[in-house]
Amino acid sequence: MIRKLAVLCITLVCTTVFSVSAFAASNDSKHVDSLKWPKNQALPNFGKVEHLDVANVYEAQGDIKLLLTTLSGVVNREKPRIYVLQNKVDPWLKDLKVPYKQYDNAMDVFKKYAKEIKGIIVYDPQLPDSINVATTLAGLKDAVVASPELAQQLTAAPYNLSVLEDLQGKFKNRMDAYNWQYENLWSQTTKRMLVGLSPDTSIPIPPGNFDSFQTIAVEKEQVRDGSNRKTFEYDLSSYLGKEAVYLRFEDAFPQDGWGPAVHQVTVKADGQVISDFKTGTSEEEMFLYDRHNSKFLPGSDHRFVDHGNYFVYEFTPAANTKQLTVSIEMWNQYKVSAGNIKPLSSEEKEPYGFLRDYAVANKAMVFWLSTSVPEEKALFEKILSDVKPGTPYMGWFDNDFEGEVAGLELTSRHSVYVIPSDWFHNMTVFSGTKVKQEPTPKRVDTKLENKIYVTYTFGEGDNLQYDLNHMRNLWDDPARGKVPINWTSSPLLYDAAPAVLNYYRSTATKNDLLIAGPSGASYFNPHVWPKETFPEYLKQSYSYLKKTDMSYPYVLNRELGKDIPLSESTAAAYEKNYKLKGLFLAGEDKDDITIMNGSLPVSIMRGISTVQDGKDVLTDVKKDWDGKSSKFVSIGINAWSMTPSDVLAITESLGAEFQVVKADEYFSLIREAHGLSK
């Protein structure tokens, strides 16, 4: 999930519309067992983790993963005892430093705890969204969610469980399911959190899925401006002889995000056209075998794919075809391969269990509503209108990037903040760990000189699953600590996963500084957040920045997908309520310092995706520098395509006129250069 979001400015007026706490509280927050949720706390705490039974479901079918995660939600509500191993590599299990027993047969764990559940909720495989309704019911009825096949097994010996609800055939369509859930279950669920989860995900695709494919075309230059756009001709005759021929498009330079853009495809068999379509049309759908996170944006004329994603077309010429050719109008950094062995497709789906333990344990309502479908958006808004300002929306949004932009705007308009977390595992366990106090990082007082001061920041930290997964990979890079780096992270780890927060704080070097990810204590859009509730939300959520020592937020402020400046009132609210000495603001192709309201330094963050990008940006900065004063530049590092080793490579290319500093030193120097108090 690459954050290219919309988050934006507002006019602020302090009123009493907010509830006593910015984190929504209500009288229905009474939970049984060990789960505790104080009124002024963003997320609940679970009981102390003392021993874990680990169910290894990494290679299991999706319905088994769903079964075990909903089981752990019920069981861990009383006390965290089940850990569901869903990733191939999971370093956190040992880092929790509690005794555990691992079961390679996940059903052995189920047998051990089956007596603690009251029955089964059966979902309808013909309607995937029934999985979400079943998850909501599981939380309310202390049940597990099962497929019809698993239900047959679980109702027999030795389990002998009862079916509490069978959703097969109950709903006509997904809208019918979510309307029924809203009308019949919403009144019983917690109003202190909302959970948005896709009901299913792509089946695991093995690494060798495309080993039989051969590359037929590749762009060797990092073209980003479409200057290589033309129609390319390829002969696919050597791939005839089987049922179909497949064409795969992927990014030739996956680290920089400018993969192939495809406008039109024409296939001829023995000179006769058997396929001719423009992308984004109904004709294309007939041949689009696997879209795998490719995009066709409204109003555009091409399908594109970036980074490690791809898309595949399937063509089925007649059995006696002698010659097969394809014409492709495309541009940018394309890599095209062909094959005749049918690969597995990410279009094949299965249930998945991430975050469902947390939803079940908290008796939350789970849904997956699109902002691009009017009736779904209307229900989404109705749900948002029912909760208090300062309620978290956990999980993610439908329709990836476009859904993110629209979803973030919709939630923020209702004073609801977002916690990206749809791939976070075992939150019912991590929430049962305790925060360890660490010394507040001491700022290095650097002497202000006529230099170019550079600060690097890894983005994505608002994303809890990034903090749990990918950030850990970056953190383990041997180059970390050799160059000053700011690491965006989520202050809400304080509640959601203290063990994760403890790890980063205790292993940080003097060159690592944790700062708050977009756009503060949580992910939200300040541009559309109601002026009546915005200052109070910042005021109440400030405690999380303070407790985690994440004193410098990175703010995304966008309108219609474009970065825009902060308004004076927005900047004033941030400065006053977050007690800031400075903040970072997304700016894409800009780098600039603005002193807002005469007291708050706002540094535009210039994003880069490759080492060469970084070198080019800093070369341009040097050209514009007069050499007679200090200059400041903030570089945003693409966390999905770069590593600390890449940051080190950029730094080693710099001359003595550059000095790399962390955010605290950076803003201290800016304040000194502009005559502001430190």
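Predicted model: local features only at pLDDT ≥ 70, side-chain atom pairs only at ≥ 80, totals over all residues.

Student: Which helix does E575 lie in?
Tutor: E575 lies in helix 17, residues 568-578, where helices (H or I, at least four residues) and strands (E, at least two) are DSSP runs numbered from the N terminus. Residues are numbered from 1 along each chain as its sequence is written.

Student: Which residues does E575 touch?
Tutor: Not counting residues up to four places away in sequence, E575 touches L580, S599 and L600, with contact meaning heavy atoms within 4.5 Å.

Student: And the sheet, in what order do the three strands come?
Tutor: The three strands form an open sheet in the order 2-1-3, with parallel pairing; two strands pair if DSSP finds at least two bridges between them.

Student: Which strands are at the edges?
Tutor: The edge strands are strand 2 (82-85) and strand 3 (100-103), each of which pairs on one side only.

Student: How many bridges join strand 1 and strand 2?
Tutor: Strand 1, residues 52-56, pairs with strand 2 in the parallel sense over four bridges, and the bridge partner of V54 in strand 2 is Y83.

Student: What does helix 1 touch in the sheet?
Tutor: Helix 1 (residues 62-78) packs on the sheet and touches strand 1 and strand 2.

Key. Heavy atoms only, no water. Axes fitted to C-alpha atoms, helices over the stretch in contact; angles between N-to-C directions.
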